[in-house]
Structures are given as structure tokens and as C-alpha cells.
Amino acid sequence: MKTATPSEPKADMLGVVLPGNSTTELRSFAMPEPGWGQVLLRMKSSTICGSDIRAIYHEHLGKRPEGYQGVIAGHEPCGQIVKTGPGCRCFAVGDRVIVYHISGCGLCNDCRRGYMISCTSAEYRRAYGWQRDGGMADCLLAEKKDLVHLPDALSYTDGAQVACGFGTAYEGLEKIGICGDAAVLITGLGPVGLAAAALCRKLGARQILGIDVLPGLLQLARDLGLCDEVIPSGPENVAAVRALTAGHGVERAVECSGHPQARATVISATRRWGRIVFLGEGGTVQFQPSADLMHDQKTLYGSWVTSIWRMEELVERLVRWQLFPSSLVTHRFPLERTDEAYALMASGRCGKAAVCFDEELV
Ligand SMILES: NC(=O)c1ccc[n+]([C@@H]2O[C@H](COP(=O)([O-])OP(=O)(O)OC[C@H]3O[C@@H](n4cnc5c(N)ncnc54)[C@H](O)[C@@H]3O)[C@@H](O)[C@H]2O)c1
Ligand SMILES: [Zn+2]
Ligand SMILES: [Zn+2]
């Protein structure tokens, strides 16, 4: 949808960087000028991902070129085009767009598959909010090849979450396959886990079980009708899941915490011939490959973000399903209060926190 032509951007803009030590810094930046194949977006919504908290906000994990390079943060951006550079076929001023959050070289095998997240070019792979400026600013400079049109039925805050949280969950679920016969276990009910639960509902899962350590998130998952049963994290989790599934265990499991105990739980609580996907990052896991996985004919997938074509597929399905990711957003902040948004996400006492602009702040 092309809404009223947005006003020309100003000479300067504000943006937020994450210096580490659980701090944020609001700085002034020159307004970027789109070059060939680039667009300038007026930011409308920029949501915070658990990866930001884990790998940039508290401390800077990861080594160059994968490490955070002191740029404007925010890798879940969604906005409206206010200026286009030369060569911008298919996108024009006024268009509402989601940004696939990694700009790849475009030519390696992974980029050609649409999985720029896995781009193998150390020179050209640049994640928005990590190695090039991201969405926590008034405006964002993006490559047209990284954009997906946002359907009219979705808000910018719906779109922002497609970029990482929902896209990641959708990819994982497509890898393991969800059908009407499946009982699904989800460990970690942060935004990725809640997105997985919401998508499992629409994909027709028979029974959705959720585990987290935080009572507030267990309650939220219940209140939103995303999980049929919620279980506080603990040593008896496998027994609890078996008790809720007539002793069998679940057909499918989605690990969204990155915690070693939760990883071991999903492996053990999945029934014979079942499928498991690991989405939570970092940390370790201990299990016995023969006894816990191979002899029960289980399959374990690893999955990293998604492809740009699957992101397009997801936005189409979200509209068809009337599933609005913004329903997971419990708190919205203006750019000037980004510090509060990160601190809240780090506390875990919320659903998803979003930094919003203009009409998305209301
Ligand atoms: N694979 C990918 O492509 C991808 C993409 C985005 C995020 N991630 C990762 O996915 C994870 C989830 O992201 P998020 O934004 O929801 O983060 P989050 O930190 O909000 O969610 C993690 C949740 O796991 C819970 N948890 C911790 N220990 C647990 C345990 N033992 N059992 C059950 N739950 C436990 C936490 O309470 C929290 O609610 C993070 O590790 C993030 O880095 C991966
Ligand atoms: Zn992310
Ligand atoms: Zn590439």
C-alpha cells in the first residue's frame, strides 16, 4: 500500500548503539543518502530479539566479521520508503517494507538459495544492526534486494517480527513438518518460542506444550491461548511431558531457549521417529547419541533464521491465517526511551518489546 507521500528526511537523525555492559547510547548521525539499488526507510517499528540481548547488549560476543561492529542496533526493522537511489525497480517511495536482516554477497551458494544469513563472504556479508546500521534510528539505509513488501493487512509491528522471530520459528517448523496429528513441545517461551506456538496453532498441531522458567511467560502463553499446557522448567519435565501424551512423548519438539537442560529435555521427551529442531543459540548440550537419538530413530535439525522467499511465504500466510505477530508485543517505546526497551527485554518480564515511530506508537 502506498500511503500519503512521506515528507523528505531531515539532515540528521538519531540512532542507538549498544556499547555493552547492558547500556544503550542515543547518538546523532548524518542522514544516509541511498546509492544504487538502495532505499532510505522512515523507521516505523523495530523489535528487540533475544540474540541482541545475549550477544550485544550485555557484552559483545562473536568475533569479526560476525561480531558487533558498533553500528546502529536493531535487526528486526520495518518501515516506509522515503527515498530511492537509482536502479530501484519494484520498490518506490511510499512502499511499506520488511527488511530481511542480513545483506549477503548475492552470489555464494547460500545467497542464491535465499539464505543470506549463511552467506559465506566475509567481505560482503553484513547483518543490519550488527555489521551495518540497523533499525533503532529515525531512518535506515537498506538494499532493495533485502526488502519484502508488507501486505496492507499487517502493521509495521507485525512486519518487524517477521524479519527474525517469526521467520526463525516458521523455518524451524517447516523443517520438522507440523501436521494435525502432532503434539509439539516448545522449550523457552520468549518471543521465538511464543511465535513457534502461535504458528503451530495455525498449522493445526493437535496439542502444544510449553516449558519456561519464568511464571509470567507461562501465564502469557496460556492467556494468549498459544499453549494447551504449560510446565515450569525442572528436572521432572520429561516425565511431565510423557504424562500429558499418554506415555509416548511428543511427535515434534522446538527448542527455543538455548539452555542445556531444555535441549536435553526436548531430545528425551520426543517419541520414537519424532523430529526436533534447535533454534535457541549459544551454550552446550549433553546427550547420548545412540541411546537418546539414533536407536529411537529421532531426527535432530539445526536451523538458522530463514530465507527471503520463505519470509515472503510467511507474510502471505499470516494474512490468510489472520495471525498478527504484534499480539506478542506487550510494550512499545519511542526511540528516546530505547534504554528502557532493552532493559525490559533483558529482564524477561514482558512479551516482545518494540521501539516504534509515528502511528505505530499509539
Ligand atoms: N536460530 C535462529 O535463527 C535464531 C533466531 C533468533 C533468535 N535465536 C535464539 O533463540 C533463542 C530465543 O530467542 P528469544 O528472542 O525468544 O529469546 P529469549 O531470551 O526472550 O527467550 C529464551 C527463553 O528461554 C527461557 N529459558 C531459559 N532457560 C530455560 C530452561 N531451562 N527451560 C525452558 N526455558 C528456559 C527463558 O526464560 C526465556 O523466556 C535465543 O537463544 C536467541 O538467541 C535463534
Ligand atoms: Zn534475531
Ligand atoms: Zn553470499
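Guide: Let us begin with contacts: two residues are in contact if their C-beta atoms, placed from the backbone, lie within 7 Å. In the protein chain, among contacts between residues at least 6 apart in sequence, 69% join residues at least 24 apart. This is a predicted model, in which local features need pLDDT of at least 70 and side-chain atom pairs count only at pLDDT 80 or more, while totals for chains, interfaces and linings use all residues. Residues are numbered from 1 along each chain as its sequence is written, and chains are lettered from A and ligands numbered from 1 in the order in which they are written.

Visitor: What does the radius of gyration of the protein chain agree with?

Guide: The radius of gyration is taken over C-alpha atoms, and the globule rule is 2.2 Å times the number of residues to the power 0.38. For 362 residues, the rule gives a value near 21 Å for a compact globule; the protein chain has 20 Å, which agrees. Along the principal axes, its C-alpha atoms fill a box of roughly 65 × 40 × 40 Å.

Visitor: How many helices and strands does the protein chain have?

Guide: Helices (H or I, at least four residues) and strands (E, at least two) are DSSP runs, numbered from the N terminus. The protein chain has 10 helices and 17 strands.

Visitor: Which domains does the assignment give?

Guide: Domain bounds come from an automatic or database domain assignment. Here the assignment gives domain 1 (12–150 + 324–361) and domain 2 (169–302). Their centres, taken over C-alpha atoms, are separated by 29 Å. Contacts join 10 residues of domain 1 to 11 residues of domain 2. On the side of domain 1 that touches domain 2, H1 gives the most, with three residues. To sort residues by class, count Ala, Val, Leu, Ile, Met, Phe, Trp, Tyr, Cys and Pro as nonpolar, Asp, Glu, Lys and Arg as charged, and the others, Gly among them, as polar. That side of domain 1 then has two nonpolar, five polar and three charged residues.

Visitor: Which residues of H1 are buried?

Guide: A residue is buried if 20 or more other C-beta atoms lie within 10 Å of its own, exposed if 12 or fewer, and partly exposed in between; C-beta atoms are placed from the backbone. Over the protein chain, buried residues make up 50% of the 362 residues. In H1, six of its eight residues are buried, namely Gly 50, Ser 51, Asp 52, Ala 55, Ile 56 and Tyr 57. They pack against strand E1 (12–20), H4 and helix H10 (338–347). Ser 51 counts as buried because it has 25 C-beta neighbours inside 10 Å. Ser 51 and Cys 164 are 113 residues apart in sequence, yet 9.9 Å apart in space, C-alpha to C-alpha.

Visitor: Which residues touch the most other members of the largest nonpolar core?

Guide: In soluble globular proteins, nonpolar side chains tend to be buried together. A nonpolar core is a set of buried Ala, Val, Leu, Ile, Met, Phe, Trp, Tyr and Cys residues joined through C-beta atoms within 7 Å. The largest one here has 112 residues, of which Leu 41, Val 184, Ala 196, Ala 197 and Ala 221 touch the most other members. Helix H3 (residues 156–176) gives the most to this core, with 10 residues. Domain 1 and domain 2 both give residues to this core, so it lies between them.

Visitor: Where does Leu 41 lie?

Guide: Leu 41 lies in strand E3 (residues 38–47). Leu 41 counts as buried because it has 28 C-beta neighbours inside 10 Å. Beyond four places in sequence, its contacts include Gly 79, Ile 81, Val 97 and Cys 139.

Visitor: How many residues surround ligand 1?

Guide: A residue is near a molecule or strand if its C-beta atom, placed from the backbone, lies within 6 Å of it. Ligand 1 is surrounded by 33 residues, the closest being Gly 50, Gly 188, Gly 190, Ser 257 and His 259. By class, this shell has 14 nonpolar, 16 polar and three charged residues. Domain 1 and domain 2 each supply at least three residues of the shell.
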